[in-house]
Amino acid sequence: MKQWNLLSENRRKRIERGLAITGRIADPSKIVALLETLIESGDRVCLEGNNQKQADFLAGALCRLNPAHVHDLHMLFSVLALPEHLDLFDKGIANKLDFSFSGPQAVRLARLVAEGKLNIGAIHTYLELFGRYFIDLTPRVALVAAQAADRQGNLYTGPNTEDTPAIVEATAFKSGIVVAQVNEIVDVLPRIDIPADWVDFVVPAPTPHYIEPLFTRDPALISEVQVLMAMMAIKGIYAEYGVERINHGIGFDTAAIELILPTYAESLGLKGKIGRHWALNPHPALIPAIEAGFVESVHSFGSELGMERYIAARPDVFFVGQDGSMRSNRALCQVAGHYACDMFIGSTLQIDLQGNSSTATLDRISGFGGAPNMGSDARGRRHPSAAWLKAGEQARQGKNQIPRGQKLVVQIVETFREHMQPAFVERLDAWQLAEQAKLAIPPVMIYGDDVTHILTEEGIANLLLCRTEEEREQAIRGVAGYTPVGMARDKKMVENLRDRGIILRAEDLGIDKRMATRDLLAAKNMKDLVRASGGLYAPPKRFRNW
């Protein structure tokens with residue numbers, strides 16, 4: 001007779017072994033022994049490493065396991081952020097990886113793949129990875145981080161809830177084991193974010209878990225070229241389509257847009273017409289726009305260090321609980337960005353002649369994060385908005401197709417990136433990387449048929465208006481500047497595309513380039529952001545220069 005409770009029986013035995021070592025509120029000095037008891041070779045282990053919040057104490061403990069006892073782990077990460085995340089593979093404790101983003105470890109990851117020390121299952125979007133937790137990548141053991149726990153084992157995640165609910169629910173409800181590191185044990189929590197019966201062991205870490213201020217950008221480092229691009233974005237795209245619901249990617253390009261909303265966008269009479277609702281971390285660069293009344297609501301993937309007091313003081317804008325702190329949620333914010341936003345605008349490392357873009361190159365496998373969720377046309381969307389309808393109308397003009405809308409997906413890049421690497425290439429590195437890492441398809445971040453606009457310092461290419469593959473290629477070449485791709489453009493065809501409004505230069509938009517100076521920035525440095533917040537914003541030490 002078939003036994004139907006093998007997972008739960010295995011879980012019970014593991015928990016019994018763990019409780020023989022330490023109590024449910026675990027002794028941090030016994031964490032390595034506890035993990036060696038709870039984890040078995042070949043397990044799928046999800047270690048919480050998010051964009052910002054890191055289960056760093058548990059990561060360090062996992063690296064101290066004896067590979068003779070625990071090996072061949074299949075690791076699941078949202079983000080490869082810490083050196084320990086890849087030390088697991090160097091030490092022979094883990095051999096397979098499924099992940100979404102690897103920004104801080106991108107170069108080392110590429111090296112490990114080239115050396116054959118690491119087998120990549122797939123590079124996912126965040127939402128895709130979370131979805132697979134509930135299908136075929138369910139963690140056997142989940143190691144997570146929280147702000148605090150009470151003595152019953154309930155968890156309080158504070159503003160950086162991030163990925164914790166998705167990880168814990170998938171694990172706990174499939175007879176998995178959940179271990180949480182916390183900053184402190186308290187008698188009463190401000191609120192309960194994860195109930196105690198979903199958590200098996202809680203360990204107070206010797207130091208607070210690491211949080212990366214990932215989205216903070218110092219306005220002092222924004223260039224005048226970025227100001228020009230921000231002006232073109234606002235006048236040529238935001239105002240043109242009346243975009244009210246937006247997701248911004250990480251970077252100085254989008255920070256520049258946020259910082260000229262109260263100045264340049266205000267001068268164009270756009271308050272109340274663009275940028276009202278956001279799926280966005282609480283970017284400090286957004287403070288002046290919030291204070292000026294541009295921003296009505298922000299739902300966040302994670303929090304941002306130093307923004308806690310400001311968020312608590314603006315509960316009409318942010319999603320704040322009765323305890324006064326925000327609760328972020330990466331899975332739900334990804335859903336909001338996919339279905340509820342009318343536009344995504346972000347940057348990339350390489351763009352080819354079809355508009356495909358990727359952040360996975362031969363020497364740097366950065367992964368994708370949430371960009372493919374944000375930067376894709378949600379085919380399941382059914383509710384209309386002016387921006388969505390206009391983009392769909394442009395895309396289908398002259399075609400015998402039933403009308404529907406389309407999300408605006410904008411790639412904003414300077415034609416040359418750091419070390420004078422061209423952003424535009426004839427062929428993505430992703431093709432060669434796929435062969436090297438034995439991936440089934442090239443790791444493309446945003447597919448060209450989802451990209452609606454490409455914006456560089458040279459102008460805007462509106463790909464929605466292109467009617468042939470040749471027009472599309474020449475529109476891309478037309479804004480690729482002095483890169484080899486740009487220099488190979490057909491000058492006559494590019495001028496024809498410009499005459500038809502498919503390519504728009506700054507002057508075509510009525511923008512005087514002489515006005516594109518840092519004077520337009522509503523905050524020119526970090527101290528200005530503190531002033532704009534009324535002293536509520538407290539920048540991390542690395543951003544303080546006073």
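**Exercise 1. The largest pocket**

How do the residues of the lining of the largest pocket divide into nonpolar, polar and charged?

*Solution.* Start with the ground rules. This is a predicted model, in which local features need pLDDT of at least 70, side-chain atom pairs count only at pLDDT 80 or more, and totals for chains, interfaces and linings use all residues. Residues are numbered from 1 along each chain as its sequence is written, and side-chain values use heavy atoms, with hydrogens and water left out.

Step 1: find the pocket. On a 1 Å grid over the protein atoms alone, a pocket is an open set of points with protein on both sides within 12 Å along at least five of seven lines, a cavity is a set where a 1.4 Å probe fits but cannot get out, and lining residues have an atom within 4 Å of a point. The largest pocket has a volume of about 1100 Å³ (the space filled by probe spheres set on the points, which are joined across faces, edges and corners).

Step 2: list the lining. It has 44 residues, and Phe101, Arg217, Ile250, Gly251 and Ser347 are the closest to the pocket centre. Elements giving two or more residues are β9 (245–248), α9 (252–267), α12 (330–340), β12 (343–346) and α13 (371–374). Helices (H or I, at least four residues) and strands (E, at least two) are DSSP runs, numbered from the N terminus.

Step 3: sort by class. Ala, Val, Leu, Ile, Met, Phe, Trp, Tyr, Cys and Pro count as nonpolar, Asp, Glu, Lys and Arg as charged, and the others, Gly among them, as polar. The lining splits into 19 nonpolar, 17 polar and eight charged residues.

**Exercise 2. The cavity**

Find the volume of the largest cavity and the classes of its lining.

*Solution.* Step 1: the count is one cavity of 30 Å³ or more. Step 2: the volume of the largest cavity is about 70 Å³. Step 3: its lining includes Phe215, Arg217, Ile250, Glu258 and His283. By class, five are nonpolar, five polar and two charged.

**Exercise 3. A salt bridge**

Which residue forms a salt bridge with Arg364?

*Solution.* Step 1: apply the rule, a side-chain nitrogen of Lys or Arg within 4 Å of a carboxyl oxygen of Asp or Glu. The whole structure has 37 salt bridges. Step 2: Arg364 pairs with Glu418, the closest N and O atoms being 3.1 Å apart. Step 3: Arg364 in β16 (residues 364–365) and Glu418 in the loop between β17 (408–412) and α15 (430–436) are 54 residues apart.
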